[in-house]
Amino acid sequence: MHTALTTESTSQSENVIELVRIAQRFPCGSAEYNRAIETLVTSVRRKIEHFAYSFDKECEIEDIVQDVSLKIFERLHQLQDPAFFSTWIYRVTANECLDKRRKRRARPLFLIDDLPSSSHKPETTGGEREDTIENAPGLDDGWENRVILG
């Protein structure tokens, strides 16, 4: 049984490599290129989904798949050896997950309405209302955010 799985896996890998070669023969954006890329992305979609989920369980899988698919479409001609396509896809997927994680962590989001009413301290400066948000969820002690409400 192990031999059958290995043979099936090898056959799938060979098909993917052949699809990469076919796509690389045509100019980016041509009908033939687009068909080859569509087939290629369809054949590796589940791998991208599983890898993205195992890499970052909080990521939006569909966004990652779409971004990776776009990168395949735009950059497949940069891949020098089709045999490294799977490795390249895992690297592209990991980079997309890392980018999304960085963006997610760069901006802790919370709503002012979700804060306890005691943390709002309205102040008036130059015709605008300025609220200071202290001890907000996601902020370390000593931090405060100023929100200008115009």
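Select Leu76. Beyond its neighbours within four places in sequence, Leu76 is in contact (heavy atoms within 4.5 Å) with Val20, Ala23, Gln24, Tyr33, Ile37, Leu40, Lys71, Phe85 and Trp88. This is a predicted model: local features need pLDDT of at least 70, side-chain atom pairs count only at pLDDT 80 or more, and totals for chains, interfaces and linings use all residues. Numbering runs from 1 along each chain as its sequence is written, and side-chain values use heavy atoms, without hydrogens and water.

Helices are DSSP runs (H or I, at least four residues), numbered from the N terminus.

Now zoom in on H4. Phe85 and Trp88 both lie there, 3 residues apart, about one turn of the helix. Their rings form a tilted aromatic pair, 5.9 Å centre to centre with 50 degrees between the planes. Rings of Phe, Tyr and Trp (its six-membered ring) pair if their centres lie within 6.5 Å; planes under 30 degrees apart count as stacked, over 60 as edge-to-face, the rest as tilted. Phe85 is buried at 1% relative accessible area; Trp88 is buried too, at 18%. Buried means under 20%, exposed over 50%, partly exposed in between (1.4 Å probe, protein chains only).

Last stop: select Phe51, Phe55 and Tyr90, a cluster linked by ring pairs.

Note on methods. Helix = DSSP H or I, 4+ residues; strand = E, 2+ residues; numbered from the N terminus.
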